[in-house]
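Thanks for coming, everyone. Let me put the structure on the screen, and then we'll walk through it.

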Amino acid sequence: MERKTTQISQAEVERQLTLCDDICRVTGQWADKPLALVDTYGCQQNEADSERIRGYLERMGFGFTDDPEQARIIVINTCAIREHAEQRVLGNVGALVHTKRRHPEQLICLCGCMVQEKHVAEKIRQSYRHVDLVFGPHALWKFPEMVHTLLTQRGRIFSVADEAGSIAEGIPTVRQDGIKAWVSIMYGCNNFCTYCIVPYVRGRERSRTIADIAAEAENMAASGTKEIMLLGQNVNSFGLGSENGETFPQLLHALDGVVPRIRFMTSHPKDLSDALIEEMAHSKSVCPQFHLPVQSGSDRILQEMNRHYTREHYLERVRALRSAIPNVGLTTDIIAGFPGETDAEFEDTLSLVEQVRYDSAYTFIYSPRQGTRAAAMENQVDEAIKHERLSRLIALQEGITKEQLTGCIGRTEDVLVEGASRRQAGFVSGRTGRGMMVNFEGNEEWIGQIVPVQITGSGTNTLRGIRK
Ligand code: 5AD
Ligand code: SF4
């Protein structure tokens, strides 16, 4: 597989935009404005990719719908991280065969991590013949070209080759939310954790430049964005391997003050540097929230996972974060039932969770992914045991989350108001810097503002308060 990163030239991106305009001239002559449905599975990186797909579609003259019957084009952006996600996608794609029978002109497109897996692409080719276009993350930048070909020639297109990882600047976006935005700062991953499919489907790590990211952030700030989430599989290694020697703390420094709030994910404990902690502690915009996936509390399992840190190293990083950034909220990812995990090793995970006291945790049952090292391990854990471990983990974390929320009562927090409360008329909701959701009485004019709120109560996952 080719490993070199290529920057897609500005001329190439311009050519894609010109193709969008050509398509727009065609769609403009159709009797009704054509609609597109974009359905996204998986992580924020996928959400960010879907915003670019929508950006292209808008430029082609499409409006948007959630109804497959109304859609002239359907794009399903898939996730490969666990088998469950793949089954859901296949079920939904299978059902579209009936929709397409009623609307034969409909274009059905599948993209994202799952179709970059060879065996999945092959299955779609053979058994899901109503799917017209299949393209992996590497090919997203040339989506207009592929749609253009489909509209002019019909036939099916598969663009899932293992190309060199690329970066394309200047693709338009349609953002779902005016207040908060996702910004991808890097793509791919070099870590090869033994359970994980990501390095195989998203290719090697490559970073955008600080100048390009800052320009995007400034544009967003000018159009009213208040909070930016910087995205990458391992943001701590941002810039490593690129010629300009840029680093993640430098990026945070450059973005400080551009928008009121900055968050980022995901961090790898092995690469979490003192320089980053220092930068966070002094930054005005970076929120006191840290997502630091631990995956397991057992040194032996961490080693089997190829994580390159020990439990003690992890705990030391947590202490360093907490001493530099008081009130920092920690969140994590944990896998239960990795191959060979014994009861005692799982107990180590529980004891770590008790020790760290996370605000919340994303907990997963280990799911074998074809082609990864862990999937080939012979000592797979029994399904029933995996489920039982997950339940214990969730129960433990739920109790800790509740206590962390209760611990905020009495404090006054700055809350970015995100919208009207879904549960109660006359209430609004938003997040504290630490990332906790607060509901309080208020009016919708406050949406987009950061307001001081006294925390007065807590529920299972959210806080209640009163505007000061
Ligand atoms: N099985 C279960 N969980 C997984 N994750 C990644 N791969 C797998 C897998 N094969 C989890 C990890 C990662 C998060 C995004 O998904 O915890 O941090
Ligand atoms: Fe997967 Fe590990 Fe890379 Fe995260 S750091 S994307 S878990 S290989």
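A definition before anything else: helices (H or I, at least four residues) and strands (E, at least two) are DSSP runs, numbered from the N terminus. This is a predicted model, where local features need pLDDT of at least 70, side-chain atom pairs count only at pLDDT 80 or more, and totals for chains, interfaces and linings use all residues. Residues are numbered from 1 along each chain as its sequence is written, chains are lettered from A and ligands numbered from 1 in the order in which they are written, and side-chain values use heavy atoms, with hydrogens and water left out.

Let's start with D256. Where is D256? In the loop between α8 (248–255) and β13. Its side chain reaches the backbone nitrogen of K284 at 3.1 Å. That is a polar contact: a pair of N or O atoms within 3.5 Å; within protein, one must be able to donate a hydrogen and the other to accept it, and residues adjacent in sequence count only if both atoms are side-chain atoms. Which residues does D256 touch, not counting residues up to four places away in sequence? I262, H282, S283, K284 and S285. Contact here means heavy atoms within 4.5 Å.

Now the overall picture. The chain has 13 helices and 21 strands. For 468 residues, a compact globule would have a radius of gyration near 23 Å, and the chain has 23 Å, so the two agree. That radius is taken over C-alpha atoms, and the globule rule is 2.2 Å times the number of residues to the power 0.38. The C-alpha trace spans about 60 × 60 × 45 Å along its principal axes. Buried residues make up 55% of the 468. Buried means under 20% relative accessible area, exposed over 50%, partly exposed in between (1.4 Å probe, protein chains only). Take the contacts with a separation of 6 or more: residues 24 or more positions apart account for 75% of them.

On to the sheets. Strands of a sheet pair through backbone hydrogen bonds, either parallel or antiparallel. Here, two strands pair if DSSP finds at least two bridges between them.

One open sheet has 3 strands, ordered β9-β12-β13, with parallel pairing. β9 (180–184) and β13 (261–265) stand at the edges with a single partner strand each, so one side of each has no neighbour in the sheet. From one strand to the next, the twist averages 25°. Axes are lines fitted to C-alpha atoms, for helices over the stretch in contact, and angles run from 0 to 180 degrees between N-to-C directions. β12 (residues 227–231) pairs with β13 over 5 bridges. E227 has R261 in β13 as its bridge partner. Helix α7 (residues 210–222) packs on this sheet, touching β9 and β12, and its direction makes about 165° with that of β9.

Another open sheet has 6 strands, ordered β3-β2-β4-β5-β6-β7, again with parallel pairing. Which strands stand at the edges? β3 (63–64) and β7 (157–159), each with a single partner strand, so one side of each is left open in the sheet. Between β5 (residues 107–112) and β6 (residues 133–135) there are 3 bridges. C109 pairs with L133 in β6. Helix α5 (residues 143–153) lies across β4 (73–78), β5, β6 and β7, at about 160° to β6.

Further along, β21 (residues 462–467) has parallel and antiparallel partners. β19 (residues 437–441) runs parallel to β21, with 4 bridges. N439 stands opposite R464 there. β20 (residues 450–458) runs antiparallel to β21, with 5 bridges. A hairpin of 3 residues joins β20 to β21.

Next, N191. It sits in the loop between β10 (186–187) and α6 (198–202). Buried or exposed? N191 is buried, at 13% relative accessible area. Its side chain makes a polar contact with the side chain of K270, at 3.0 Å. Beyond four places in sequence, N191 also contacts residues including N234, H268 and N306.

Last, the backbone. Most residues other than glycine have a negative phi, and most peptide bonds are trans. The bond from M265 to T266 is cis, with omega near 10°. N306 has a positive phi, near 65°, and is buried at 18%. N327 also has a positive phi, about 70°, and is partly exposed at 26%.
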